[in-house]
Amino acid sequence: MTDTARTARAGVPERPTLDGLEETWARHWQEEGTYAFDRSKERSDVYAIDTPPPTVSGELHMGHVFSYTHTDMVARFQRMRGRTVFYPMGWDDNGLPTERRVQNVYGVRCDPSLPYDPHWQPPATPVSEERRKDPTPIDRRNFVALCERLTAADEQVFEALWRRLGLSVDWALTYTTIGRVARATSQRAFLRNLARGEAYQAEAPTLWDVGFATAVAQAELEDRERPGAYHRLRFTGPGGREVLIDTTRPELLPACVALVCHPDDERYADLVGSSVRSPVFAVEVPVRAHPVADPAKGTGIAMVCTFGDLTDVTWWRELQLDTRVVIGRDGRLLPEPPHGVPAEPYAALAGQTVNGARRTMVELLADAGGLVGEPRAITHPVKFYERGDRPLEIVSTRQWYLRNGGRDAGLREQLLARGGELRWVPEHMKHRYDHWVGGLTGDWLVSRQRFFGVPVPVWYRLDDVGEPDWSHPLTPDEAMLPVDPSSDPAPGFEESQRGLPGGFVGDPDVLDTWATSSLTPQIVGGWETDPDLFSRVFPMDLRPQGQEIIRTWLFSTVVRAHLEHGVLPWRDAVLSGWILDPDRKKMSKSKGNVVTPMALLEQHGSDAVRYWAANGKPGMDLAFDPAQIKVGRRLATKLLNASRFALGLGAADALRAPATAPLDTAMLAELSGVVAAATSAFDAYDHTAALQVTEAFFWRFCDDYIELVKERAYGSGPGAESARAALATALSVQLRLFAPVLPYVAEEVWSWWRYGSVHRATWPTTYEVGRAVEGTADPQLLRLAGDALGQVRRAKSERKLSMKAEVPLAEALGPAALLEQLTLIADDLRAAGRIAKLDLLPDRTPALVIACAF
């Protein structure tokens, strides 16, 4: 893969600059197809990356720049190693974040009961805060069109930023998670899960976000500390016995179906099997024993309500308790009491919000003598949907589930084994996967009661009275995909039969966004639509992603590939760390401490920002540091200027000529070690170590080697020819070592004197460097020369002399063997230090000392 784009050499500019490189080279790369995937290659020659599709719901931030730069460095390295790199970009544009953004930007909300209005137009300008608080209801079709319109605009902004950053993706492979291909792929996978019995429908307690009005999955939960209060309630047991329980949710008293204690708790052993009467409502509920009950928590006996939390669900299911649901999908208490609960006291709660019902219930308890003492204020963890702003409730709904090992020990062990097959970078991240899979308590809830997503591809036959037959869903042929049951008629029916007895009804739900994102390898790889491509890229080589979505994106992708293909979806997983603000806090939109990247890219240049990102290793957090970006700018500028200087010495015409002088071969010998170390680091996904060893050598090369040989290189004869040959090899190799991190400046300098693109050039090897060396090579000579020259410079600096000042006499003291080595480079040292006379005084000091006389 050498110099494939035969473009003419540009020549060395008189005044090289970093300014404008992004526009020039981004356009050139696109026009030349520099990063285009070559699908004629065999699988063994392909390196396939399952690129994270960023969520299109706002702005990209420095965390994105950080992690996506890491992936791009891998892609560039592998491309230079001779692989054809399959590097797509996707946009994750469906789901709740997009809907929320549309609602905020346009001041609308979706009402699927409204008819389609073909003449409706969105506001031409951003709406006011008042409009957002009172959004305009629009029909589903218009709402989805608005989502598509906004995401298309956002995606253009995202692409512009990625191109400026220099991501070497093949833009011809771009996909969206709401696009036709993604919808068909997601629906096909779901239908196959359904046919194999891995997808199923059930009426069950469901975690419900009241604000978004949708079910959420276990993987989308987060605990947030919230203020609350313990209320002590008085139940009445046999013979009038007082039974006290503590609860933070007294409003759920009408939903109480049992009291539960631990089997070994002697305080309540005689109550187990009997019943108690609730305060206010006087409902008889059983007392049961269960090992999950904590004797040390509260009074040691708990109220089981349907449903207050996930523990209630466990007790309800395992103890086979009754169901008394009181909270509806809107977050308000239902208008009618559940079976067995008297209507008169419940009427005071009906229709209230949870908080309002809590206050009313406390008043009712106090009036009835059912409240003991005053509420005790606490702070406790409350479950939220990760993108929501209201506590979750648990309501009983009909939903679709996908088996993920949460209720199947055999499948759980298979998925744990898959985690063991995966190469984790860093390795300790595997523990998070194991902990998540081992702690699953239920299957993956994949249906959502939203609008902008991939529709669940099923319909239901209606019986003679118009009731759906949930147990026998109607499914489309795969050739029909993608389908939308809300607008497409069921197979074998006419649209006129929709909603009528004997007709059909479409499933109104969409699939969880992760149910589509978990299929990114299949979507972009052409599963079932392009078998030739799929055979060349799947399973893929790399999944780069954030550590916080191991439980969602990584695990769900493993589940889908395991169920459908019986393999891991990729070989390696590289996990990013987090970006921290100057106070060492994680940057996030919710905290308001994010930094957007475009201004930094424009001010400092993309290579400088990439340099900052490259200083963070996989899995390690990195503080946002503008000073580090300035260091990157300085490095890129030095690479421009040092290259111009070396090429001005005639290095371009000496490429592939041998280096013969001791200092030249020493420099190349050290460079060979740098190549080996950088290559090994990149192979281990340690771009930081690769950059560090390359950068350290580069500064020695500039500060020591160039200064030591420039006088010789200006001359003629074998010594000058050796210097120019060494400079040419060193420059060629270093440009390629820097290319994954600093793609713009590396390409710019390469174009001055080489053909084609540096990013299509071969990665340097120790063999290549060694081939440029004639005779012996001792890498220690360069360090020795640098040490000696440094002492001469310090002597001039201490006397406040110019570095060009002459040194009439310099004495070199040190071990005889060391000074014997120094004689090999003495001429270069004298020229660089402007030393008139250099005397060697062996065995006077234990280490090298250069004493200068002025």
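A residue is called buried here when its relative accessible area is under 20%. Keep that cut-off in mind as we walk through this predicted model. Take Tyr200: its relative accessibility is 18%, so Tyr200 counts as buried.

Now for the rings. The model contains 26 aromatic pairs. One of them brings Phe143 and Phe451 together edge-to-face, with 6.1 Å from centre to centre and 80° between the planes. Phe143 belongs to helix α5 (residues 140–165), while Phe451 sits in the loop between β19 (447–448) and β20 (459–461), so this pair ties together parts that are 308 residues apart in sequence. Phe143 has 0% relative accessibility and therefore counts as buried; Phe451, at 14%, counts as buried too.

Back to Tyr200, which has a ring partner in Tyr401: this pair is stacked, at 5.6 Å centre to centre and 20° between the planes. Tyr200 is part of strand β7 (residues 199–209) and Tyr401 is part of strand β16 (residues 393–402), so here the link spans parts 201 residues apart in sequence. Tyr401 counts as buried because its relative accessibility is 9%.

Rings also gather in a cluster: Trp29, Tyr35 and Tyr744 are joined by ring pairs. Others meet a charge instead. Arg141 places its charged end over the ring of Tyr116, 3.9 Å from the ring's centre. Have a look at Arg754 as well, which lies over the face of Trp753 at 5.5 Å from the ring centre.

One last stop is helix α17 (residues 606–614), which is mostly covered, with 9 of its 9 residues buried. Among them are Asp607, Arg610, Tyr611 and Trp612.

Conventions
Residues numbered from 1 in each chain as written. Predicted model: local features only at pLDDT ≥ 70, side-chain atom pairs only at ≥ 80, totals over all residues. Heavy atoms only, no water. Buried < 20%, exposed > 50% of the residue type's maximum accessible area, 1.4 Å probe, protein only. Helix = DSSP H or I, 4+ residues; strand = E, 2+ residues; numbered from the N terminus. Phe/Tyr/Trp six-rings, centres within 6.5 Å; stacked < 30°, edge-to-face > 60°. Lys NZ or Arg CZ within 6 Å of the ring centre and 35° of its normal.
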